[in-house]
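Please read this briefing alongside the sequence and the 3D structure.

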Amino acid sequence: MNFDSQGVRIHYEVHGPEHGTPIVLVHGFASDYRLNWVGTRWQETLVAAGFRVIGIDCRGHGHSDKPHEEPSYDVGLMAGDVIGVLDAQGIETAAYLGYSMGGRIGLQVLLDHPHRVTRAVLGGIGAAGALQHARQIAESFRAGEPTDDPVARTFYAFAAARPTNDLQALAACIVGLRAHIDPDDLAKIRTPILIVVGDRDEIARSAPELIELIPSARLVTIAGRDHLSAVPAREFKEAALDFLTADG
């Protein structure tokens, strides 16, 4: 399925029981819905638990349009894409599951559209993260080769391994997103949030600081997992399901 977001085509999929609890899934940078959530068996797990899964390919990724202009990736626009997809499906409120970039977009959804999300699971995100290295990542992608920056080098290896990725679009995305969120805004969030990170995740190592900024958030740490290996972890799925199905 596709949704037109002011001229940018956003691809998404819907799976699960028609009357299941809706949950929107938003992937990480240089990934897409199927890589992040299908191959790792998240879709299977959530559908089996009775959820109606709405999986989005973010602009610049997967089967969605891939503009090369940085302003096209303002995080407010990307949050608006999520709401646009929910509107296209006639869904007033949904749970939210986002990883890394999808977590950052999720925070913006909670800030801009607080009444549209019932609960949010945000994985692989801290008070700082890969966006601090945005310029280095963009330079690497635009040059078509890795740099000396270790975070940029990791993302280049991940992104370049997938021939469907448009490195110029991804460079525009990582810069256009912008990293900063005002701590005073985070303090206003009241939606229940579960933040999940691997204890070896260098990108999300500041997750405890993020928890301190958001009154409604709590943290789960997965032993022995880094930024990439945390995604398919059984402990992540169990913690998310417990949180998403909790009363109150």
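**Cysteines, sheet and helices**

C58 is buried, with a relative accessible area of 6%; buried means under 20% relative accessible area, exposed over 50% and partly exposed in between, with a 1.4 Å probe and protein chains only. The model is predicted: local features need pLDDT of at least 70, side-chain atom pairs count only at pLDDT 80 or more, and totals for chains, interfaces and linings use all residues. Residues are numbered from 1 along each chain as its sequence is written, and side-chain values use heavy atoms, with hydrogens and water left out.

**Cysteines**

- A disulfide is a covalent bond between the sulfur atoms of two cysteines.
- A search of the whole structure finds 0 disulfides, where a disulfide is a pair of cysteine sulfur atoms within 2.5 Å.
- C58 is in no disulfide, and its nearest cysteine sulfur, that of C173, is 7.5 Å away.
- C173 is likewise in no disulfide, and C173 is buried, with a relative accessible area of 0%.

**The sheet**

- An open sheet of 8 strands has the order β1-β2-β4-β3-β5-β6-β7-β8, with mixed pairing; two strands pair if DSSP finds at least two bridges between them.
- Strands (E, at least two residues) and helices (H or I, at least four) are DSSP runs, numbered from the N terminus.
- β1 (2-5) and β8 (217-222) stand at the edges with a single partner strand each, so one side of each has no neighbour in the sheet.
- On average, neighbouring strands of this sheet are turned by 20° against each other, direction ignored.
- β3 (residues 21-26) pairs with β5 in the parallel sense over 4 bridges, and V26 stands opposite G98 in β5.

**Strand β7**

- 6 of the 6 residues of β7 are buried.
- Both of its faces are covered, with I193, I195 and V197 on one side and L194, V196 and G198 on the other.
- β6 and β7 pair in the parallel sense over 4 bridges, and V121 stands opposite L194 in β7.
- β7 and β8 run parallel and are joined by 6 bridges; T221 in β8 is the bridge partner of V197.

**Helices on the sheet**

- α4 lies across β3, β5, β6 (117-123) and β7 (193-198), running at about 145° to β5.
- Axes are lines fitted to C-alpha atoms, for helices over the stretch in contact, and angles run from 0 to 180 degrees between N-to-C directions.
- Helix α10 (residues 234-244) packs on the sheet and touches β3, β4 (51-56), β5, β6, β7 and β8; contact means heavy atoms within 4.5 Å.
- The direction of α10 makes about 165° with that of β6.

**Helices α3 and α4**

- Helix α3 (residues 75-88) and helix α4 (residues 101-112) pack at about 80°, with their axes 9 Å apart.
- α3 and α4 are therefore roughly perpendicular to each other; 65 to 115 degrees counts as roughly perpendicular, under 35 as roughly parallel, over 145 as roughly antiparallel and the rest as oblique.
- Residues making the contact include V75, M78 and I83 of α3 and M101, I105 and V109 of α4.

**Two buried residues**

- I83 lies in helix α3 and is buried, with a relative accessible area of 7%.
- Leaving aside neighbours within four places in sequence, I83 is in contact with V109, H113 and R116.
- S100, in the loop between β5 (94-99) and α4, is buried, with a relative accessible area of 14%.
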